[in-house]
Amino acid sequence: MRSTARRGLAIASTLTLLLTSAACGSDDGPGAGQPVPGVTDTEIVVGTHMPLTGPASAGYSKIAPATKAYFDYVNANGGVHGRKITYKIMDDGYNPATTQQVVRQLVLQDKVFAILNGLGTPTHTGVLDFLHTNRVPDLFVASGSRSWDQPDRYPGTFGFNPDYTVEGKILANHVKTELPGKKVCFLGQDDDFGRDALVGVEKVLGADGVAARQTYVTSNTNVAPQIGAFKSAGCEVVILATVPGFTALSIGTAARLGFSPQWLVSNVGADHPTLSRQLGDAAGLLEGLVGVNYLPMQGDTADPWIQLFTKVNAEHNGGAEFDGNTVYGMAVGYLFVQVLQAAGQDLTRESLVEAVAKGGYQGPGVAPLRFSGTDHSGYGGGRLSRVSGGKQSYFGPTYETDESDGPVNEYAAPAVTPPANGVPTA
Amino acid sequence: MSATRAVAPPARHAAEPVRPGRSVPTVLRHLAFATGAALVVLVLSYQLDSFRNFQLATVAAYLCATAGLTVLTGLCGQLSLGHGALMATGAYTLALVQNAFAERGLTAGGLLILSLAVAVLATVVVGAVVGVAAARLRGPYLAGLTLAVAVVVPALTVTFNGVFNGEQGLSVPMAPAPRALGPYFPYERWQLWTAAVATLLCLVLLANLVRSRYGRAFRAVRDDEVAARLAGIHVARTQVIAFVVSAASAGLGGALLAVLAQSVSPGAFGLTLSLFLLMAVVIGGLGRLAGAVWGAFLLVALPDLTHSLTSLFTLSPAAAQRLEGNLPLAIFGVTLIVVMIAAPGGVQGLLSRLTGTLRVRWRHHRS
Amino acid sequence: MDRFLFLTLDGLSRGAVLAAFALALVLIWRAGRIVNFAQGAMAVAAAYVAYSVTAATGSYWLGFAAALVAGLLLGVVVDVAVMRLVDHRSPLNPVIVALGLVLLIQAVLGMVYGNEYLPARAPFSRTALTVGGTAVLSPYDLFVFGTVGVVGAALVWIFTRTAIGLRMRAAAFAPEVSRLLGVNVGGMLTLGWALASGVGALAGMLVIPTELGLHPHAMDLVFVSAFTAAVVGGLDSPPGAVVGGLGVGLLLSYVSGYAGGDLIPLAVLALLLTVLLLRPGGLFAPVTARRV
């Protein structure tokens, strides 16, 4: 007993000594002229969190590699202001608890300059406060939630996707102008995605303009009860705010119930290659499907942006299967390089955020990017596409609108073409 | 009956060895141990960088849950696949209470203690309800019921999204580190201190409970229900008590996770978490608090470790896309299988076997 | 009334595949007192084999046969190479090993086939036949009912009418005595694993075409529902698995049809609580366990 006590005392005093030595000389505040985290004369380190594994990874797991491929392409062409971009991709499996860990690892340990295109509403919401406290720029969040557009609370956070309400309004506007008098029904995911989209639809059609509303949860893969209800209600148009898996499931289920309405699908769940891969032999059911998009259509080989991205995909992405997610990832990369160019040679976190807030970026997107000092939401509109002959292509004008009661207007600015070498200049 | 019992104990450890010549009361010994551990954490918090501080704090939060689970499963013999849901209960309660305080303009850091207490209380209530049902069930039927609980709790946040804000979850307003610590005091170090104090307190209470009359009743019920009943132990009541204690620890762990993340969402508390908690306590060494420590470390370190391992290889983009994420999971899976085959007593079982052999040899050498 | 009929038939066809999968869980529980948490992942692996074979040969049925063979073999491999080596004194050890297998199998499938959904073909039309204006069952549903019925009957026949079935039961219930009587207990256990895994693979082939598609995680949710079904029915009872499967299928359909999909987990919990508090060993518990 006495020896135990003595040993304990010895350990305690050693620890105290260690502690006092450690306590002195740490906790220095940031001095002037300190280097910018993640930026050297030759390199910019940027990080992201994405689901690469798990049930939510389908499709999404292709985005970050596409972005990285575009950065590799830019690096091979001399980089930005002489700096090469290093993109650190962390797998969070769409689990918010893991996102907490990996984002802290990126910021505190890997000292990334910024977080780019972090994916998912529940995952990214959890790290907003952390990124704000640590003054890390948080650019182009991959989700259509309205949470990213809070310039007063989160001045460093910016969105990318059009928000779900905007998409809902554009789809409903199509019903109002092209399919008047039809009976409209709505199926949405049971979260902010489905709810925000329904708000948009009802803003245009009125609350009584939607005959039947149904929701689904991703943990139950039987949508026959919902689709059955639409059929008995006699719906002629069904608006879907669904992820790709459930778009395909809904259309497949309707077919086996002998129900064939006009499908209108929000952007997230309307990528034709993804849907037809999942439906397999039944891909023909997708004929006539109307979707919203705001980036070049993946199958449009005449589009100069698609030509550029296809080339980058072949050279730097191992020729991975080219779909809407690939285009999305590369578009994010292009916009980030544009912003880096605009932020100039003396790159700091402040100059980067200022550069985004200055706005005025035009790139592959057909709809306008809304960035300004008071607006941190991403694309403010979209264009409708239709599947015809097994090919998804745009039709009609591009629309822009806001998430409140503003009208849905045509947006007529001409499209731009990519620079000759595919790398934006300042 | 033995076939349907949740856990048969490794026979060697059924009885705690009685060491001769010890005169220090158990409580004091545990307190001294906790003080030592606190000092170690204090030193580490200065030696490690911010990210490691945060990871260590996360270990502390998970440790509450794994320690509670190991008491329930390892000592009392009841299997639970629902501890992730109990953690969610604690986390959401803490978030709601902290938000209620913030709305009334109460932002003092000390109120966190009150919020944590409410979170533990709420989990105790839920744990008691589940525990009463669980006391009637054995083996896979208990697993089935707790599995359903694990699935229900996250789903309720969507059903009652007015209160819990659905998939997106709630943010948890937290006071900054006390001013007295200086303007540049790393917040992660403060988080580690908070979590470590709460966890050590929880561990001391659990350690005392394990050594008490209740702990002996737990083991008696686990080893042989009939014999325990003959010895005058109320089996069902003992099992409910074990469940409640275990739930309280899990609730505290969940609340601490919410404190660390400053947010809660159902995705973080899914069925996967419940299964991983169970894996952690078994791999760590079932029935021992030291095993729970290993398990908690494993929960935090393994994904990180395997990620660094995969980044060592340089791969073509196509191969990298396939391996990224999948390879760590494969390594984790193989590790689980190999550890369970090579060391069924878990890490702690392996360690005590090693130290046991060494001690014997040393004594042999000296004599 | 139409709605009720529709939901009932939809629930039954869904319940039939849950029943098949629950049967696989019951088989392995009876053979070795193990809840095989890896059953879902093993079934998905077999379904991927079917996908590859069908893609190479163009024949659905060759793929189907390949999946069954792969299922049987996988069961043998898992038992001989992994489960045989596990210390079974604590029933938790095999459970943890099974969870490790889930991670391993899903990761390997992700590496080989990618984490994307692949189309899963159904051998018969899934378009419902209409009778008097109401959509009733599809040919595929009838195929599912038929297959599940045949498998259930075959299992009953094997266990009650054949010598090998008798030996398997003996090996499971009294391993020591069986060994003395000359029964190859280890071999019977391996056979049990093979059968269970084969039935699991069959259930996977039936259920995946009705899901989102082929994916390493395709059976995760099915496993949870099927485990619930097996527990409700009683893990020792094949008829219990069938009744439990159909019951859970109906419950899922009614709740999402009349109340909303988000309430399903709550309904499942309520069902489990009701059944287990009345009958702690499931609906078809053989004889109430001895209570002292």
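The following legends describe close-up views of a predicted model.

**Figure 1. Confidence of the predicted model, with attention to chains B and C.** The model scores an ipTM of 0.87 and a pTM of 0.88. Chain C has an average pLDDT of 88, and 96% of its residues score at least 70. For chain B the mean pLDDT is 86, with 89% of the residues reaching 70 or more. Among the elements of chain B, helix α10 (residues 235-261) has the highest mean pLDDT, 96, whereas α13(B) has the lowest, 67. Over residues 1-18 of chain B, pLDDT stays under 50. For this stretch the model has 38 contacts beyond four places in sequence. Where pLDDT is low, the predicted coordinates should not be read in detail.

**Figure 2. The contact between chain B and chain C.** On one side, 43 residues of chain B take part, and these are in contact with 46 residues of chain C. The elements of chain B that give two or more residues to this side are α5 (139-159), α9 (225-230), α11 (271-284), α13 (317-323) and α14 (326-342). The largest share comes from α5(B), which supplies 13 residues. By class, the side of chain B that touches chain C comprises 35 nonpolar, five polar and three charged residues. One of the contributing elements, α13(B), is also the element of chain B with the lowest mean pLDDT.

**Figure 3. Packing of helices α9 and α11 in chain C.** Helix α9 (residues 220-233) of chain C packs against helix α11 (residues 264-278) of chain C at an angle of about 20°, and their axes are 10 Å apart. Because this angle falls under 35 degrees, α9(C) is roughly parallel to α11(C). The crossing of the two helices is left-handed. From α9(C), the contact is made by T228(C), V231(C) and V232(C). The partners from α11(C) are V268(C), L271(C), L272(C) and V275(C). Six residues of this contact are nonpolar and one is polar, with no charged residue present.

**Figure 4. The crossing of helices α1 and α10 in chain C.** The axes of helix α1 (residues 2-32) of chain C and helix α10 (residues 238-259) of chain C come within 6 Å and cross at roughly 140°. This crossing of α1(C) and α10(C) is right-handed. The contact between these two helices has 16 nonpolar, nine polar and two charged residues.

**Figure 5. Helices α12 and α13 of chain A.** Helix α12 (residues 324-343) of chain A and helix α13 (residues 349-358) of chain A cross at roughly 110°, and their axes come within 8 Å. The two helices, α12(A) and α13(A), are therefore roughly perpendicular to each other. Their crossing is right-handed. V339(A), A342(A) and A343(A) of α12(A) meet S351(A), L352(A), A355(A), V356(A) and K358(A) of α13(A) in the contact. By class, the residues of this contact divide into six nonpolar, one polar and one charged.

**Figure 6. The two domains of chain A and their contact.** Domain 1 of chain A covers 43-162 + 300-379, and domain 2 of chain A covers 164-293. The centres of the two domains, taken over C-alpha atoms, are separated by 29 Å. Nine residues from domain 1 of chain A and 10 residues from domain 2 of chain A form the contact. On the domain 1 side, the touching residues comprise two nonpolar, five polar and two charged.

Terms used
Residues numbered from 1 in each chain as written. Chains lettered and ligands numbered in written order. Predicted model: local features only at pLDDT ≥ 70, side-chain atom pairs only at ≥ 80, totals over all residues. Axes fitted to C-alpha atoms, helices over the stretch in contact; angles between N-to-C directions. Helix = DSSP H or I, 4+ residues; strand = E, 2+ residues; numbered from the N terminus. Parallel < 35°, antiparallel > 145°, perpendicular 65-115°, else oblique. Left-handed = near helix turned anticlockwise from the far one by under 90°. Contact = placed C-beta atoms within 7 Å. Nonpolar A, V, L, I, M, F, W, Y, C, P; charged D, E, K, R; others polar. Domains from an automatic or database assignment. pLDDT = per-residue confidence, 0-100.
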